Amino acid sequence: MLRFLFWNQRRQDLSDVVAEAASTLRPDIFVFCETGASSARTLAALRVVGKYHFTTGRIGKRFHVFTRFHNRYIQVRREAERYLIFEVALPARDRFLLMVLHGPSKSVGWTPTSLAMEISHYAGALRHAEAELKLSRSVIVGDFNMNPFEPGMVGAGAFNAVMDARQARKGKCVVQRREYRYLYNPMWNLLGDRTPGPPASLFYNGNTHDELLWHMVDQVIVSPEMIDYLDVASLRILDSIGGIVLTTPQGRPRSAKFSDHLPIYFELTV
């Protein structure tokens, strides 16, 4: 079993909360973007609980990844400013690719159409990595800055991520005689107020006629070959970590104290 926690930290130093997460949730892999803490500070907080290793890419420092495993077991195979693709090869476990990403934000002018065009490049990079490494087991996690239903998520030429695992298991769809591989998006199971936790991962009121208010921008999606490894029952949006409450009495993220994003947690049975 591998435990994962992803969090866009909104440039806050949340090392104390991270240490609490390591103590109570015991993630094997933490993935952070927009963190306000140095890697050394976070490592110091984590190592009060147990031994962790830090890794990131060579292009920028957007992502901070902390794992219980030596860096020789999790290596960057492809990278760009907004994504990293790791090969995770742990002893006596099945290899898989871990892609971490942070999509451009609509708050600075990116439209759903423009985001879909950009995301198609990320999806293409993942396909190239899979082909080069002859490895089709892939997990993609991050702040996509898109909801599960937006073009960059469901578009055949982008991530082509569907809500139904049965459909994803079919492997591919055909559009104009071109084949596009499916991915599976389990985040649909957590969207709305009849779910066990928050309605989504981010609350934002743009005061427009079509504002959704709650947005599921922080997501994990997997390739069909990883569906059986993903423990969907473990997947949740965290509104508290140990005794630390991350939401207001109204159930919204406590953005002034922590982040405007809520973390997501999931487990893989690799």
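Biologist: What is the volume of the largest pocket?

Modeller: The largest pocket has about 800 Å³, the space filled by probe spheres set on grid points joined across faces, edges and corners. Of its 33 lining residues, Ser-105, Lys-106, Ser-107, Asn-145 and Tyr-204 are the closest to its centre. This is a predicted model, where local features need pLDDT of at least 70 and side-chain atom pairs pLDDT 80 or more, while totals for chains, interfaces and linings use all residues. Residues are numbered from 1 along each chain as its sequence is written, and side-chain values use heavy atoms, without hydrogens and water.

Biologist: Why is one space called a pocket and another a cavity?

Modeller: On a 1 Å grid over the protein atoms alone, a cavity is a set of points where a 1.4 Å probe fits but cannot get out, whereas a pocket is an open set with protein on both sides within 12 Å along at least five of seven lines; lining residues have an atom within 4 Å of a point. The structure holds 1 cavity of 30 Å³ or more, and residues including Thr-56, Lys-61 and Phe-63 line the largest cavity.

Biologist: What makes Glu-34 a contact partner of Arg-62?

Modeller: Contact means heavy atoms within 4.5 Å, and Glu-34 is in contact with Arg-62, and also with Asn-8 and His-102 among others.

Biologist: How do you know that Glu-34 and Asn-8 make a polar contact?

Modeller: The term asks for a pair of N or O atoms within 3.5 Å, one able to donate a hydrogen and the other to accept it. The side chains of Glu-34 and Asn-8 are listed at 3.5 Å, so the pair qualifies as a polar contact.

Note on methods
Lists of a residue's contacts leave out its neighbours within four places in sequence.
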